[in-house]
Amino acid sequence: MLKYNIRGENVEVTDVTRDYVEKKLFKLEKYFTDTSNSTAHVNLKVYSDKTAKVEVTVPMPSLVLRAEETSQDLLSSVDLVTDKLERQIRKYKTKINRQSRGKGIKEIEIRNEIADEESDSVDEEVSMFDVVRTKHVSLKPMSSEEAILQMDMLSHNFFIYEDADTEGINIVYKRNDGRYGLIEAED
């Protein structure tokens with residue numbers, strides 16, 4: 001069963017809202033065999049123009065589901081984002097059903113030191129090359145088509161993965177012309 005982390009920005013998360021979100025997201029669990037270690041991160045936002053935005057991120061062992069929708073009503077946004085997630089899951093399931101997944105997940109950590117911006121020295125310049133965010137990536141063996149699908153589902157411009165055939169580290173990216181590129185790392 002999914003765990004839920006629901007928070008609101010400019011809106012109070014009432015029991016009724018929480019129950020509605022959990023009920024809608026619960027129907028996504030039928031697509032997975034085990035969701036016991038997964039947490040759905042839900043962010044509800046209401047803007048001054050009375051529009052409501054719902055963002056949902058569900059990190060799973062084999063993929064990360066992410067969707068966001070904005071509408072005039074908070075509950076309508078929840079419905080829209082749930083439908084969008086369900087379409088993503090069905091599309092992803094169709095792809096992976098064609099291929100078997102006998103390999104495990106390879107972990108890679110990307111760590112960089114972040115400069116302390118609250119330095120006592122006024123003369124110190126902040127370089128435009130300072131790392132402001134660090135991410136940890138779990139590499140899953142997949143094809144380039146699956147990597148593109150995952151990249152599109154996350155709304156990212158690139159995606160790093162382990163190639164299922166060569167076991168090499170590859171990167172797919174979206175080109176300016178709307179097509180896709182592939183970078184293959186050499187040993």
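In what order do the strands of the open sheet lie? The open sheet has four strands in the order β1-β2-β3-β4, and their pairing is mixed. The model is predicted: local features need pLDDT of at least 70, side-chain atom pairs count only at pLDDT 80 or more, and totals for chains, interfaces and linings use all residues. Residues are numbered from 1 along each chain as its sequence is written, and side-chain values use heavy atoms, with hydrogens and water left out.

The protein has three helices and 10 strands. Helices (H or I, at least four residues) and strands (E, at least two) are DSSP runs, numbered from the N terminus. Along the sequence, the pattern reads β-α-β-β-β-α-β-β-β-α-β-β-β. Of the 187 residues, 34% count as buried. Here buried means under 20% relative accessible area, exposed means over 50%, and partly exposed lies in between (1.4 Å probe, protein chains only).

The sheet comes next. Strands of a sheet pair through backbone hydrogen bonds, either parallel or antiparallel. Two strands count as paired if DSSP finds at least two bridges between them. Strands β1 and β2 run parallel and are joined by seven bridges. Gly8 has Leu44 in β2 as its bridge partner. Helix α1 packs on the sheet and touches β1, β2 and β3. Its direction makes about 135° with that of β1. For such angles, axes are lines fitted to C-alpha atoms, for helices over the stretch in contact, and angles run from 0 to 180 degrees between N-to-C directions.

Strand β2 also holds Asn43. Asn43 counts as buried because its relative accessibility is 8%. Its side chain makes a polar contact with the side chain of Glu9 (3.0 Å). A polar contact is a pair of N or O atoms within 3.5 Å; within protein, one must be able to donate a hydrogen and the other to accept it, and residues adjacent in sequence count only if both atoms are side-chain atoms. Neighbours within four places in sequence aside, Asn43 is in contact (heavy atoms within 4.5 Å) with Arg7, Glu9, Lys53, Val54 and Glu55.

The largest nonpolar core has 28 residues. A nonpolar core is a set of buried Ala, Val, Leu, Ile, Met, Phe, Trp, Tyr and Cys residues joined through side-chain atoms within 4.5 Å. Leu25, Val42, Val54, Val56 and Leu65 have the most contacts inside this core. At least two core residues come from each of β1 (3-9), α1 (15-26), β2 (39-46), β3 (52-59), β4 (64-71), α2 (74-96) and α3 (144-154). Helix α2 gives the most, with six residues. Leu25 touches Leu2, Tyr4, Ala40, Val42, Val56, Thr82 and Leu85, not counting residues up to four places away in sequence.

Most residues other than glycine have a negative phi. Asn10 is not a glycine, yet its phi is positive, at about 65°. Asn10 sits in the loop between β1 and α1 and is exposed, with a relative accessible area of 70%. Lys50, also not a glycine, has a positive phi of about 70°. Lys50 lies in the loop between β2 and β3. Lys50 is exposed, at 62% relative accessible area.
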